[in-house]
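Colleague: I am new to this model. Please take one part of it and look closely at how its charged side chains pair and what surrounds them.

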Amino acid sequence: YFRKQFPDAVDFFFVIGADLVPSLPTWKDSDDLLRECKFLVHPRPGYDLLKTDDDERVPKGLSYEFLDDDITSTTNISSTQVRERATAAKGDLDAYDRLLEGIVPPLVKSFILRHRLYF
């Protein structure tokens, strides 16, 4: 999809939590993602995979780098948790705003609310 939208783009990056890496082969169009994107992997507590090149939980063809701890240490919330908070807000944008307070960086929160992501 994005390659068609942005044919002159050199690289596409996909940010993913380490906890989701083993499930990539089950995703819709995962072969396309693996072919078109380099993955930036966010470390997750309790997920020590990807420490070696021969980790069998890593899908074949996955091109990845870990995000730097200095970047990722500011928050430890997953998109799943953000979606759960959206569900808990029951369509109330003000409630969603309050539920996101302090768990995602302010610019991320603003983007999520402006585009009504996960609603």
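Modeller: A residue is called buried under 20% relative accessible area, exposed over 50%, and partly exposed in between, using a 1.4 Å probe and protein chains only. The model is predicted, so local features need pLDDT of at least 70 and side-chain atom pairs count only at pLDDT 80 or more, while totals for chains, interfaces and linings use all residues. Residues are numbered from 1 along each chain as its sequence is written, and side-chain values use heavy atoms, with hydrogens and water left out.

The part to look at is the pair of helices α5, residues 93-100, and α6, residues 106-114. Helices here are DSSP runs of H or I with at least four residues, strands are runs of E with at least two, and both are numbered from the N terminus. The axes of α5 and α6 lie 11 Å apart, at an angle of about 160°; axes are lines fitted to C-alpha atoms, for helices over the stretch in contact, and angles between N-to-C directions run from 0 to 180 degrees. Because of that angle, α5 is roughly antiparallel to α6, a label for angles over 145 degrees.

On the α5 side, the contact (heavy atoms within 4.5 Å) is made by Leu93, Tyr96, Asp97 and Leu100. Lys109, Ile112 and Leu113 supply the α6 side. Of these residues, five are nonpolar, none is polar and two are charged; Leu, Ile and Tyr are among the types counted as nonpolar, Asp and Lys among those counted as charged.

Asp97 and Lys109 also form a salt bridge, at 2.5 Å from N to O. The term requires a side-chain nitrogen of Lys or Arg within 4 Å of a carboxyl oxygen of Asp or Glu. Asp97 in α5 and Lys109 in α6 are twelve residues apart, and the pair links distant parts of the chain. Asp97 is partly exposed, at 27% relative accessibility, whereas Lys109 is buried, at 12%.

Lys109 has another partner, Glu101, in a salt bridge of 2.4 Å, N to O. Glu101 is exposed, with a relative accessible area of 54%. Through shared partners, Asp97, Glu101 and Lys109 belong to one network of salt bridges.

The whole structure holds five salt bridges. Elsewhere, Lys38 and Glu65 form one at 2.9 Å, N to O. Lys38 sits in strand β2, residues 37-42, and Glu65 in strand β3, residues 64-66, 27 residues apart. Lys38 is partly exposed at 26%, and Glu65 is partly exposed at 41%.

Technical notes
Parallel < 35°, antiparallel > 145°, perpendicular 65-115°, else oblique.
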